[in-house]
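Trainee: I would like to go through this model by question and answer. Please set out the terms as they come up.

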Amino acid sequence: MNRNQVLPQVELSAEPSALKKVDFCAPQSYTGSGFLSIPDLPRVAEEASAINPGDGFDWSVRTHFEDSPGSEPRQILDLGLKGRLHLVCQRCLQDCAVDFDESRRFILVATEEEADSHPLEDEEQEPLVVSQHFNLLETIEDEILLSLPLIPKHPDGFCEPHASTFGDEGVEEASNERENPFNILKNMKKN
């Protein structure tokens, strides 16, 4: 690819079905944005505790070519995600809205070998193996799932811990009355 070559810019459709087959192997750059509702993302919908109207994710994608010393220019994909998902608060077990505002940067590569040779220390740019029929919708969904909090919960002071009915106080009293097993053995030895 010639450094001074001007590449055509393709506008991505906001339709979820159009995002399932994007040709990132073509010598062109892409730009696009749109909104994906929770039902458009089935794996994310499985994680949601509730789906309210208007819940979903605004997404934006932009690709460009960046010069790389000693090799061909590399194609870079910038992905932005902003939205809201309702999860179960692990403190009070009630519905909890979690807001997302994520940005990711990927280096687009053609093979798994190129991805494996990418330095692990580079946390700013992850390699992403692409094809002529790349499923961008799946990548967006993957990034949302990877951004989910491990333990979703309301902000501090917003909710009280859930009172568990697992144990009763009567059980505690019975355990306090139980004799030490070593004392039982000691008494058995005496007899």
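Mentor: Rings of Phe, Tyr and Trp (its six-membered ring) form an aromatic pair if their centres lie within 6.5 Å; planes under 30 degrees apart count as stacked, over 60 as edge-to-face, and the rest as tilted. This is a predicted model, in which local features need pLDDT of at least 70 and side-chain atom pairs count only at pLDDT 80 or more, while totals for chains, interfaces and linings use all residues. Residues are numbered from 1 along each chain as its sequence is written, and side-chain values use heavy atoms, with hydrogens and water left out.

Trainee: How many aromatic pairs does the structure hold, and is the pair of Phe24 and Tyr30 stacked, tilted or edge-to-face?

Mentor: The structure holds three aromatic pairs. In the pair of Phe24 and Tyr30 the centres are 5.2 Å apart and the planes make an angle of 80°. That angle is over 60, so the pair counts as edge-to-face.

Trainee: What pattern does the chain follow along the sequence?

Mentor: Helices (H or I, at least four residues) and strands (E, at least two) are DSSP runs, numbered from the N terminus. The chain has five helices and six strands. Read along the sequence, they follow the pattern β-β-α-β-β-β-α-β-α-α-α.

Trainee: In what order do the strands of the sheet lie, which strands are at its edges, and what is the average twist?

Mentor: Two strands pair if DSSP finds at least two bridges between them. The six strands make an open sheet with mixed pairing, in the order S1-S2-S3-S4-S5-S6. Strand S1 (9–11) and S6 each pair on one side only and are the edge strands. With axes as lines fitted to C-alpha atoms (for helices over the stretch in contact) and angles from 0 to 180 degrees between N-to-C directions, the twist from one strand to the next averages 25°.

Trainee: How many bridges join S4 to S5?

Mentor: On one side, S4 pairs with S3 in the antiparallel sense over twelve bridges; His64 stands opposite Ile76 there, and Ser60 has Gly80 as its bridge partner. S4 and S5 also run antiparallel, with Leu81 opposite Glu102. In the hairpin of S4 and S5, which has six residues between the strands, Leu93 takes a positive phi near 60°. The number of bridges joining S4 to S5 is 14.

Trainee: Where does Gln125 lie, and which residues does it touch?

Mentor: Gln125 lies in the loop between helix H2 (112–116) and strand S6 (126–129). Its relative accessible area is 10%, so Gln125 counts as buried. Contact means heavy atoms within 4.5 Å. Not counting residues up to four places away in sequence, Gln125 touches Glu66, Arg74, Ile76, Arg105, Ile107 and His118.

Trainee: Why does Cys96 form no disulfide, and how many disulfides are there in total?

Mentor: A disulfide is a pair of cysteine sulfur atoms within 2.5 Å. The closest cysteine sulfur to that of Cys96 is in Cys89, at 5.3 Å, which is too far for a bond. Cys96 is buried at 2% relative accessibility, whereas Cys25 is partly exposed at 43%. By this rule the number of disulfides is zero.

Methods
Buried < 20%, exposed > 50% of the residue type's maximum accessible area, 1.4 Å probe, protein only.
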